[in-house]
Amino acid sequence: MDMNSLQEKLHAIDRECRHLERTIAILQWDQETYLPEAGVEERAEQLALLGSLAHERFASAETGRLLDGLGSSSDNPGGDEKLPPLERDFLKVMRRDYDREKKLPNEFVAEAARAEGLSTAAWSQARRNNDFASFLPHLCTMSELSRRRSVYWGYADNVYDGLLSIYEPGMDSDAVAAVFAPLRERLSILLKKISGAAQPDCSFLGKKYKTETQALFSEELMKRLGFNFDRGRIDISAHPFTTTLGSDDVRITTRYFPDNVLSGIFSTIHESGHAFYDMAMPPELRGTRLADGASMGIHESQSRLWENVIGRSHSFWEKFFPVLAGFFPEQLRFVTADNFYRAANCARPSLIRVDADEVSYSLHIILRFELERGLFSGTVKPEDLPKLWRAKMKEIIGVEPETDTKGVLQDIHWSMGSFGYFPSYALGNLYGLQFFSKLRNDIPDIDSRIAAGNFAPIHKWLFENIHKWGRRLDPPDLLKKVTGQSLSVEPFLEYIEKKYSGVYGI
Ligand SMILES: [Zn+2]
């Protein structure tokens, strides 16, 4: 078979697998948004079937033969040097995914998918009823399945590293711990300083904000930020997320609370940041497995950049406070854009990760990282997690949840078996600020563009520097290409220390 036919056949397999993966994603999206509770068990069966079909197709001997035929091997994943750079990047990613997938037996994949469906449903109910005990058996199953998965894949030093590196290629827990140490130290100092300062007036946030009106504001905001509703939509779920169901179908979810208007606004901006990345994939990558984020951390750098660096900036609220006040004239009477900016940047020890301010957010991640590491090294038992959670919250953040719903049960990740995912959130903060420092260098009047509601230069810069690469570059290479630097905590810490000295006058 000549090279062209080999390439065509390999791309056909990739396309089929992408279709199957996205069909799975549609069923998962439906489960989190509209599926009636009684439909959960049958849905788990459907997901298990499709998951094993996708796995079988992708991890087949045929995929291996085609990759071999194109000169791709574990040592030379990019294959034949005569192939164009894009094709070599495709082979590199295809080989990496294939080498990993083929190690997982079909029965294991089906078993894990079925367990995940049941586990996320059990988590959702347990969270609602503050009933950790009913979720515990699922948590044990999911951590055991993750352990087995990491063993199948093989790992260098410990089981947890095998899991962490799927989300963040090239990272291990020691490297993460090395960045988290200065982060924890300087953020704790800042949080303490802030706790001693006078808090801005946030009383207007405690008023009632109708959730229907919040939803209308969210849609308006998304449009103005550049979200194309012909290619996506927004719905409501217990845990906000973004899912890509096709090249022109990128969906986000959010949640609204009448007594916490900030939660809905910032979840919406956050998920829109994820959606912008997926919506911006260039034509040559669409439909292939290269049309995805470079890693979970890089994906998170995009969402957190929109949510915090842009969405919680003074310039942003100069533009959007009058818009918000148009939706809530009663609640925001006598409030100014400056009041709102300060209230949106209140930092205080809090219980819920997704609602945490920028100072304490990474501390929430460090807590989860330490518990996950313990879980897989055997020093932490699943049944002890609620107790350990409370103790660590007190130690790291200074507050203790009264219920497990506001503690160990708040996140969906462990119920899905996504152990090793949490560190990407804090890494996203670090990547995000490294990128934004470069963006500010390239577009020095960026603040006045934001204040004018003109986001086109930001979309263009992000596309040219980050989005257009998809998965072609791994995080360290992408970071180097964009900023000339390797991973660093400095731009993030400098940004946050400067911003919060301003907000609190410290
Ligand atoms: Zn996110």
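Visitor: In which hand does helix 1 pass helix 4?

Guide: In this predicted model, helix 1 passes helix 4 in a left-handed crossing.

Visitor: Why is helix 1 called roughly antiparallel to helix 2?

Guide: The axes of helix 1 and helix 2 cross at roughly 165° and come within 9 Å. Because angles over 145 degrees count as roughly antiparallel, helix 1 is described as roughly antiparallel to helix 2. The crossing of these two helices, helix 1 and helix 2, is left-handed.

Visitor: How do you know that the second largest pocket lies between domain 1 and domain 2?

Guide: Domain 1 (3-156) and domain 2 (173-504) both give residues to its lining, so the second largest pocket lies between them. This pocket has a volume of about 600 Å³, and of the 27 residues that line it, the closest to its centre are Glu37, Ala121, Ser124, Gln125 and Arg128.

Visitor: Which elements give two or more residues to that lining, and which gives the largest share?

Guide: Helix 1 (3-33), helix 2 (40-58) and helix 5 (106-129) each give two or more residues to the lining of the second largest pocket, and the largest share, 11 residues, comes from helix 5. By class, this lining has 12 nonpolar, 9 polar and 6 charged residues.

Conventions: Residues numbered from 1 in each chain as written. Predicted model: local features only at pLDDT ≥ 70, side-chain atom pairs only at ≥ 80, totals over all residues. Heavy atoms only, no water. 1 Å grid on protein atoms, 1.4 Å probe; cavity = no way out; pocket = protein on both sides within 12 Å on 5 of 7 lines; lining within 4 Å. Points joined across faces, edges and corners; volume = space filled by probe spheres on them. Helix = DSSP H or I, 4+ residues; strand = E, 2+ residues; numbered from the N terminus. Nonpolar A, V, L, I, M, F, W, Y, C, P; charged D, E, K, R; others polar. Domains from an automatic or database assignment. Axes fitted to C-alpha atoms, helices over the stretch in contact; angles between N-to-C directions. Parallel < 35°, antiparallel > 145°, perpendicular 65-115°, else oblique. Left-handed = near helix turned anticlockwise from the far one by under 90°.
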